[in-house]
Amino acid sequence: MSRESTLFFSDTLPLGLVPKVRGAGSNASGRFERLARETFLDGWDSEVETKTLGTTTVDERPKKIITRNDSPDIPFDRSINPYRGCEHGCSYCFARPTHAYLGLSAGLDFETRLTRKVGAAEVLARELSAKSYECAPIAMGTNTDPYQPIEARDRIMRGILEVLRDHNHPVGIVTKGTLIERDIDILAPMARKGLVQVGISITTLGSRLSRQMEPRAPVPARRLKTIRALSDAGIPVRVMAAPMIPALTDHELEAILTAAASHGARTASYIMLRLPLEVAPLFEEWLETHVPDRAARVLNRVRELRGGKLNDPRFGKRMKGEGEWAELMAKRFEIALSRTGLARKGPGLRTDLFAVPPKPGDQLSLF
């Protein structure tokens with residue numbers, strides 16, 4: 001894509017283009033773009049035909065599917081993301097700035113212009129079959145949700161799970177999507193072998209607030225039913241109270257953990273709101289639109305947690321923040337764990353069962 005072709009993506013929507021329910025309210029040009037475009041009224045009195053801003057997808061054929069990282073404050077060194085962008089449209093999503101690398105906006109583009117990684121399962125099978133590969137748990141859902149709505153059609157996540165199952169490879173999944181229930185037939189047998197853990201993210205128990213912040217994600221009550229369905233199938237579930245938004249949802253921490261425990265969750269974690277790069281102005285815009293009476297209070301509390309800024313990317317600080325409010329949240333979390341019986345950590349995933357399945361025509365060992 002040339003630099004000039006990115007001029008289509010603008011701070012405001014073209015005249016007559018009406019978005020469906022979305023998390024972002026604008027579409028500022030990506031931070032790497034040289035030019036930007038803005039829609040304006042020229043004074044002509046003409047009727048404008050309105051069209052709905054829907055979701056579009058493009059295909060990417062990756063050469064590699066496993067992404068490596070060496071971040072010291074996350075518990076995995078490799079991950080897979082079947083999609084770029086996420087139709088759930090969470091207004092606070094820390095992954096939004098990654099769309100800038102595609103020449104797209106972290107705003108509406110992130111939730112309407114998606115990329116699907118076709119052939120991901122085949123690429124993964126090839127990577128796992130390499131003689132140099134050393135098995136360690138693969139994390140999924142760490143950037144964009146593998147069970148966002150388009151997965152129902154594209155089934156890329158399911159193909160990846162089939163490969164992991166065939167290799168007895170451990171995997172940890174994070175999602176808001178109830179579509180994960182479709183794959184219980186794969187996940188339950190893997191769980192019995194100690195090969196899978198699932199994290200279900202719940203930001204608030206309020207359906208109205210959830211619809212405003214996470215417009216295309218399942219409502220919280222439905223996610224709790226997913227925790228129950230997975231738990232009943234023997235799949236260990238972690239409830240992730242994430243992100244906790246100060247002065248807006250942080251008071252719900254105990255209620256979220258209690259509700260999740262009653263539905264079968266075994267472990268719990270929380271993360272404080274992060275506002276990196278383009279996410280900060282997008283979330284400020286969301287606050288002014290939906291909760292204007294609380295906007296200043298929320299942002300001031302974020303600054304208290306982040307050393308006077310809206311974001312602190314330092315390892316060891318970015319997930320929980322610092323200061324008295326961060327310490328209070330940590331204490332509340334520990335007390336909630338004790339009251340609900342939830343654990344901070346579950347058993348580790350097994351890596352000793354990993355094996356590359358024989359291919360058709362391979363000679364089987366006689367011993």
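How close do the axes of helix H2 and helix H4 come, and at what angle do they cross? Keep that in mind while loading the model, which is a predicted one.

**Stop 1: the helix pair**

Select residues 120-129 for helix H2 and residues 156-166 for helix H4. Their axes come within 8 Å and cross at roughly 25°. Because angles under 35 degrees count as roughly parallel, H2 is roughly parallel to H4. The crossing of H2 and H4 is right-handed.

Now show side chains. On the H2 side, pick Ala 120, Ala 121, Leu 124, Ala 125 and Leu 128. These meet Ile 156, Gly 159, Ile 160, Val 163 and Leu 164 in H4. Sorted by class, the residues of this contact between H2 and H4 are 9 nonpolar and 1 polar, with no charged residue.

**Stop 2: the sheet of 7 strands**

Switch to a cartoon view and find the open sheet with the strand order E4-E5-E8-E9-E10-E11-E12. Its pairing is mixed. Go to the edges next: strand E4 (67-68) and strand E12 (267-272) each have a single partner strand, so one side of each is left without a neighbour in the sheet.

Inside that order, select residues 78-80 for strand E5 and residues 138-140 for strand E8. E5 and E8 run parallel and are joined by 2 bridges. Ser 79 stands opposite Ala 139 in E8.

**Stop 3: Ile 202**

Centre on Ile 202, in the loop between strand E10 (196-201) and helix H6 (207-213). Is Ile 202 buried or exposed? Its relative accessibility is 0%, so Ile 202 counts as buried, the cut-off for buried being under 20%.

To see what surrounds Ile 202, leave aside its neighbours within four places in sequence and select Arg 223, Leu 224, Ile 227, Val 239, Met 240, Ala 241, Ala 242 and Ile 256, with which Ile 202 is in contact. For a distance check, pick the C-alpha atoms of Ile 202 and Val 219: they are separated by 9.1 Å, with the two residues 17 apart along the chain.

**Stop 4: the sheet of 3 strands**

Finish at the open sheet of order E3-E7-E6, again with mixed pairing. The edge strands here are strand E3 (56-60) and strand E6 (83-84), each pairing on one side only. Select E6 together with strand E7 (residues 113-117): the two pair in the antiparallel sense over 2 bridges.

Technical notes. Residues numbered from 1 in each chain as written. Predicted model: local features only at pLDDT ≥ 70, side-chain atom pairs only at ≥ 80, totals over all residues. Heavy atoms only, no water. Pairing = 2+ DSSP bridges. Helix = DSSP H or I, 4+ residues; strand = E, 2+ residues; numbered from the N terminus. Buried < 20%, exposed > 50% of the residue type's maximum accessible area, 1.4 Å probe, protein only. Contact = heavy atoms within 4.5 Å. Axes fitted to C-alpha atoms, helices over the stretch in contact; angles between N-to-C directions. Parallel < 35°, antiparallel > 145°, perpendicular 65-115°, else oblique. Left-handed = near helix turned anticlockwise from the far one by under 90°. Nonpolar A, V, L, I, M, F, W, Y, C, P; charged D, E, K, R; others polar.
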